[in-house]
Amino acid sequence: MKNIDIARKLGISPTAVSLALNHHTGVSEETRQRVCRLKNCSMSGSVGCSVLPNRSITLAIHKKHGEIMNDKPFFSDLISTIQQEALRYSYNLNVLHYKLLQNKELYLDTLRAEDNKGIILLATELDQEDFDIYDEIQKPLILLDSVSSAVRLNAVTINNRGSVFQAVRYAYNLGHRSIGYLKSLTHISNFNQRFEGYRSALKFYNIEKNYHPVFELPCSVEESCLEMKKILNSTSGIQIPTIFLSDLDYIALGAAKALKESGYRIPQDVSMIGYDDLPSCRIFDPPLT
């Protein structure tokens with residue numbers, strides 16, 4: 001029986017029939033069984049309509065404060081992509097959020113549930129004590145966007161140290177010898193690694209004794225701009241380096257706006273290098289490297 005005939009007989013759409021036969025989410029178990037019966041196959045796994053065992057995995061989104069993850073397109077794009085890939089491989093994806101002051105034991109019990117076959121943990125804001133908690137969960141688990149050398153967990157991460165080292169190399173090859181850094185007021189392991197890459201590159205190029213100011217700024221464009229203005233206005237005769245690197249594009253954009261409004265020309269007086277390649281960087285005047 002063709003899918004369109006099954007759909008007409010059951011009063012459902014051909015898409016629903018396809019979802020049921022291919023073991024995708026989007027249809028109820030009752031509908032799946034009705035489709036399979038019409039397809040002349042049993043639920044025990046006859047040829048042509050084998051029913052896969054439970055294939056649920058969990059995307060766990062752990063927020064310590066949300067300052068890094070809230071309202072950032074990178075994370076919404078990441079979650080969307082994971083959902084699409086889970087569907088493509090016939091997995092049910094459960095998205096589970098954890099926030100500060102939430103019932104942690106209830107959250108962890110949900111992750112330990114028998115029908116949860118594995119965990120993808122968005123670990124951007126995690127610190128060491130959080131890594132230790134997840135290390136004790138007896139489930140296949142992979143970290144995204146953070147890692148700790150103190151636990152035995154696999155991870156997919158950004159090469160934070162190496163990428164900032166290359167940014168310093170780029171600036172050095174352009175002739176910059178006074179390379180400032182715009183550091184996040186919110187500390188996470190990614191930012192710590194980026195700053196390590198910055199410091200090691202200054203040492204590698206034997207310019208660590210030059211003037212390299214480090215300013216700590218908030219993670220939003222607006223707050224970064226306000227804080228940078230305070231720094232520029234409160235320090236008499238402040239010396240600005242010839243280029244700034246930053247932990248985030250948001251920080252760089254806010255600081256650049258403050259510098260421009262304070263009379264500095266970009267890039268004639270000071271150049272800027274951000275981190276993340278946000279679409280908004282291309283429309284900033286001038287565009288952010």
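The model is predicted, so local features need pLDDT of at least 70, side-chain atom pairs count only at pLDDT 80 or more, and totals for chains, interfaces and linings use all residues. Residues are numbered from 1 along each chain as its sequence is written, and side-chain values use heavy atoms, leaving out hydrogens and water.

Start with the rings. The whole structure holds 10 aromatic pairs (Phe, Tyr or six-membered Trp rings with centres within 6.5 Å; planes under 30 degrees apart are stacked, over 60 edge-to-face, the rest tilted). In the pair of Tyr 98 and Tyr 107, the ring centres are 4.9 Å apart and the planes stand at 40°, so this pair is tilted. Phe 165 and Phe 204 make an edge-to-face pair, with 5.4 Å from centre to centre and 65° between the planes. That pair links distant parts of the chain. Phe 165 sits in helix α7 (residues 160–173), Phe 204 in helix α8, and 39 residues separate them. Helices (H or I, at least four residues) and strands (E, at least two) are DSSP runs, numbered from the N terminus. Is Phe 204 buried or exposed? Phe 204 counts as exposed, because its relative accessibility is 58%. Phe 165 and Phe 204 also belong to one aromatic cluster, together with Tyr 172 and Tyr 205.

Lys 183 lies over the face of Phe 195, 4.9 Å from the ring centre. Arg 194 lies over the face of Tyr 275, at 3.7 Å from the ring centre.

Now go inside. The largest nonpolar core has 41 residues (buried Ala, Val, Leu, Ile, Met, Phe, Trp, Tyr and Cys joined through side-chain atoms within 4.5 Å). Which elements each supply at least two residues of this core? They are β1 (56–62), α4 (73–88), β3 (116–122), β7 (214–217), α9 (221–234) and α10 (249–261). Helix α10 gives the largest share, 8 residues.

Leaving out residues up to four places away in sequence, Leu 182 touches several residues, including Phe 215, Met 228, Phe 244, Ile 251 and Met 272. Contact here is heavy atoms within 4.5 Å.

Return to helix α8, residues 189–204, where Ser 189 lies. Ser 189 is buried because its relative accessible area is 16%. Ser 189 touches Ser 146 and Val 147, again not counting residues up to four places away in sequence.

Finish with the backbone. A cis peptide bond joins Ile 266 and Pro 267, with omega about 10°. Pro 267 lies in the loop between α10 and β9 (271–273). Another cis peptide bond, with omega about -5°, joins Asp 285 and Pro 286. Pro 286 is found in the segment after β9.

Asp 276 lies in the segment after β9 too. Its phi is near 135°, a positive value in a residue other than glycine. Asp 276 is partly exposed, because its relative accessibility is 36%. Asp 277 also has a positive phi, near 60°. At 56% relative accessibility, Asp 277 is exposed.

Technical notes: Buried < 20%, exposed > 50% of the residue type's maximum accessible area, 1.4 Å probe, protein only. Lys NZ or Arg CZ within 6 Å of the ring centre and 35° of its normal.
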